[in-house]
Amino acid sequence: MKPRLVEVPIATPAGEFLARYSESGLAELNFPPVGRASPRAAKKEMVPAQIRAWHRLAETALKAIFAGREPKKLPPLDLAGTAFQKSVWNALRKIPTGKTKSYGEIAQAIDRPKAVRAVGGACGANPVPVLVPCHRVLAANKKLGGFSGGLDWKRELLKREGINLP
DNA sequence: TCCGTATTGAACT
DNA sequence: AGTTCAATACGGA
């Protein structure tokens, strides 16, 4: 039986994100729901101290990224996925703030040079956007490609990191 | 096993 | 310069 994730909202200059924590770390992060406050945010008093500590880190890191800076610390991540997906997400985290990579480069980084489309799939399956910077991955010709939360978000995030797109 | 995918690069208009 | 197409790896049904 699946342990219920604790949901806690994160306020950012770009809206209210929704973080979900498992017993071992941050498991999911959602973009702000369109024009609506989070329906069922956990009561903060019921959130375990451990998770509150993680939440503080997550909030700080998120705000740092929105300010275009590299986050100093991240909460532990509890990412559910296949080995392939995890290796992709791990590679994504190595992209420094303000830089971009192509799907092909990610594929090479995980030693599967031809799995470019699969890399795209793994990016789309990324449970923790922004903190795991799936938005810094562009197509080979510097085109935007796609984004789970909507391309507007991708543009916005890149812009805040000082990345200029053609 | 078949289908879709947040790709890519080359071949054609 | 824009469009079509095959190759390709992986995950979900």
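I'll start at the DNA: in this structure, a base nitrogen of DNA strand C is 2.9 Å from an N or O atom in the side chain of Arg 117. Keep in mind that this is a predicted model.

A polar side-chain atom of Thr 82 lies 2.3 Å from a phosphate oxygen of DNA strand C.

Now the rest of the surroundings. Thr 82, Arg 112 and Arg 117 are among the residues around DNA strand C, and the list also includes Phe 84, Gln 85, Lys 114, Ala 115 and Ala 118. Sorted by class, this surface has three nonpolar, two polar and three charged residues. Helix H2, residues 83-92, supplies at least two of its residues, and so does helix H4, residues 116-124.

Next, the strands. E1, residues 6-12, pairs with E2 in the antiparallel sense over seven bridges. The two form a hairpin with two residues between them. E2 is also joined to E3, residues 26-30, by four bridges, again antiparallel. That hairpin has four residues between the strands, and Gly 25 there takes a positive phi near 155°.

Follow Tyr 21 in E2: its bridge partner on one side is Val 6, and in E3 its partner is Leu 26.

Why is E2 described as largely enclosed by the rest of the structure? Because five of its seven residues, in the stretch 15-21, are buried.

Terms used. Residues are numbered from 1 along each chain as its sequence is written. Chains are lettered from A and ligands numbered from 1 in the order in which they are written. This is a predicted model: local features need pLDDT of at least 70, side-chain atom pairs count only at pLDDT 80 or more; totals for chains, interfaces and linings use all residues. Side-chain values use heavy atoms; hydrogens and water are left out. A residue is near a molecule or strand if one of its heavy atoms lies within 4 Å of it. A polar contact is a pair of N or O atoms within 3.5 Å; within protein, one must be able to donate a hydrogen and the other to accept it, and residues adjacent in sequence count only if both atoms are side-chain atoms. Ala, Val, Leu, Ile, Met, Phe, Trp, Tyr, Cys and Pro count as nonpolar, Asp, Glu, Lys and Arg as charged, and the others, Gly among them, as polar. Buried means under 20% relative accessible area, exposed over 50%, partly exposed in between (1.4 Å probe, protein chains only). Two strands pair if DSSP finds at least two bridges between them.
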